[in-house]
Amino acid sequence: MKATEGMFDESVVYVTKQGTQVRTDGGRIVVWDVDGDEGELATFPTEKLDTINVFGGVNFSTPFVAEANEHGIILNYFTQNGKYRGSFVPEKNTIAEVRRAQYALGEVAELDIAASMIAGKIRNARTLLSRKGVYGTDVLKDLGVRATNVETKDDLRGVEGEAGERYFSRLDETLTDGWTFEKRTKRPPEDHINSLLSLTYVFMKNEVMSALRQYNLDPFLGVLHADRHGRPSLALDLQEEFRPIFCDAFVTRLVNRGVIDHDQFTQDNHLSDDAFKTYCSKFDEFMQEEFTHPYFEYTVSRRKAVRQQAILLRKAITGELDEYHALTFSK
């Protein structure tokens, strides 16, 4: 788990080694092997971090938590196999005007933003299938148009649900020999592909939550997902457009390239410890990969693209933009 091994970029760190402690030393963040004899495992400049993700038996020193609060570093807690448990969110100054605008957003404005997100999700679903050589998806095209012409949130949820069924019914065609996908199952995921999808959606939700917090939006006040105690509804809303083109694309890459195989899962469909470490490393590499942005036409990483969408969402909420523009790929 060293910085030179792809576990670190300019802002996000994953700590998966059990028995370690995250501490601070001379203006740097240090990961220390407490239970073993390896000592310092990695060190990072404090001022460049905004998120640290820890899994299982990893703890923080008290001075580090104070340092994280001062520098605005978000700490996310997961079980050892990747189930999200909670976060420490620093006491950063919130831009009052942004929060007031978000809390005052009307039903019509919420629907417009949500419709753009869902239409984007459907467009990206078609694009992923097309990239994998799956055609005959005109029904998804029609549903994408319908998403932009709904009159209520319930109508939009209906369109999204139908599009999801159509899309997942074709996802099996994107997988290499030895892998199958019949239907989406969640709690618990009933097969290895569903397990990888669920894990990746958790990781992406975390990326989105960090982006929303960075730009002073409340991740728990959504525009489409219903309000529920403890549910980051806005993060789930914004995540929708990334699910096919980032999350599902990542999962198909893992299995089609043989990075993950069936032998690396436990009986309850969780990744083994070593496979999970591989997963974390590959996910971070995936989020750092760059592409030409379809609208801005300059090179960005996937992580940067997520944060750009949080900026566009904030501008739509505050009225700096007339409408929200989802991140969509046409090919």
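These legends accompany several close-up views of one predicted model. Residues are numbered from 1 along each chain as its sequence is written, and side-chain values use heavy atoms, with hydrogens and water left out. Because the model is predicted, local features need pLDDT of at least 70 and side-chain atom pairs count only at pLDDT 80 or more, while totals for chains, interfaces and linings use all residues.

**View 1. The protein chain as a whole, with 10 helices and 10 strands.** Helices (H or I, at least four residues) and strands (E, at least two) are DSSP runs, numbered from the N terminus. The radius of gyration of the protein chain is 20 Å, close to the 20 Å that the globule rule gives for 331 residues, so the chain is as compact as a globular protein of that length. Here the radius is taken over C-alpha atoms, and the globule rule is 2.2 Å times the number of residues to the power 0.38. Along the principal axes, the C-alpha atoms fill a box of roughly 60 × 55 × 40 Å. Of the 331 residues, 54% are buried; buried means under 20% relative accessible area, exposed over 50%, and partly exposed in between (1.4 Å probe, protein chains only). Among contacts with a separation of 6 or more, 61% join residues 24 or more positions apart, where contact means heavy atoms within 4.5 Å. The chain exposes about 15,600 Å², and carbon and sulfur atoms supply 46% of that area. Accessible areas come from the Shrake-Rupley method with a 1.4 Å probe, and for residues only the protein chains shown count as cover.

**View 2. The annotated binding site, at E160, H225 and E240.** The feature "binding site" comes from an unreviewed UniProt entry. The three residues span 81 residues in sequence, yet no two of their C-alpha atoms are more than 11.9 Å apart, so they gather at one spot. UniProt positions are given in the numbering used here, feature names are shortened, and annotations may be inferred rather than shown by experiment. Look for E160 in helix 5 (residues 153-168), where its relative accessibility of 15% makes it buried. E240 sits in the loop between helix 7 (233-239) and helix 8 (243-256), and is buried too, at 4% relative accessibility. Leaving out residues up to four places away in sequence, E160 touches I118, K121, L224 and E240. On the same terms, E240 touches I118, K121, E160 and H225.

**View 3. The largest pocket, with a volume of about 1,600 Å³.** Its lining has 50 residues, of which R184, K186, R187, Y201 and R243 lie nearest the centre. The elements that give two or more residues to this lining are strand 8 (84-88), helix 3 (107-131), helix 5, helix 6 (192-214), helix 7 and helix 8. On a 1 Å grid over the protein atoms alone, a pocket is an open set of points with protein on both sides within 12 Å along at least five of seven lines, whereas a cavity is a set where a 1.4 Å probe fits but cannot get out; lining residues have an atom within 4 Å of a point. Grid points are joined across faces, edges and corners, and a volume is the space filled by probe spheres set on the points.

**View 4. The largest cavity, with a volume of about 60 Å³.** The count comes to 1 cavity of 30 Å³ or more. Its lining is made up of V12, Y14, T51, N53, F78, F203, N206, E207, S210 and R307. Strand 1 (12-15), strand 5 (51-55) and helix 6 are the elements that give two or more residues to the lining. Helix 6 provides the largest share, 4 residues.

**View 5. S195 and its contact partner N269.** S195 is found in helix 6 and is buried, with a relative accessible area of 9%. Apart from neighbours within four places in sequence, S195 is in contact with P189, F265, N269 and H270. N269 lies in the loop between helix 8 and helix 9 (273-288) and counts as buried at 14% relative accessibility. Most residues other than glycine have a negative phi. The phi of N269, however, is positive, near 70 degrees.

**View 6. V34, in the loop between strand 3 (28-33) and strand 4 (39-45).** V34 is partly exposed, with a relative accessible area of 43%. V34 and T20 are 14 residues apart in sequence and 5.1 Å apart in space, C-alpha to C-alpha. Not counting residues up to four places away in sequence, V34 touches G19, T20, Q21 and R23.
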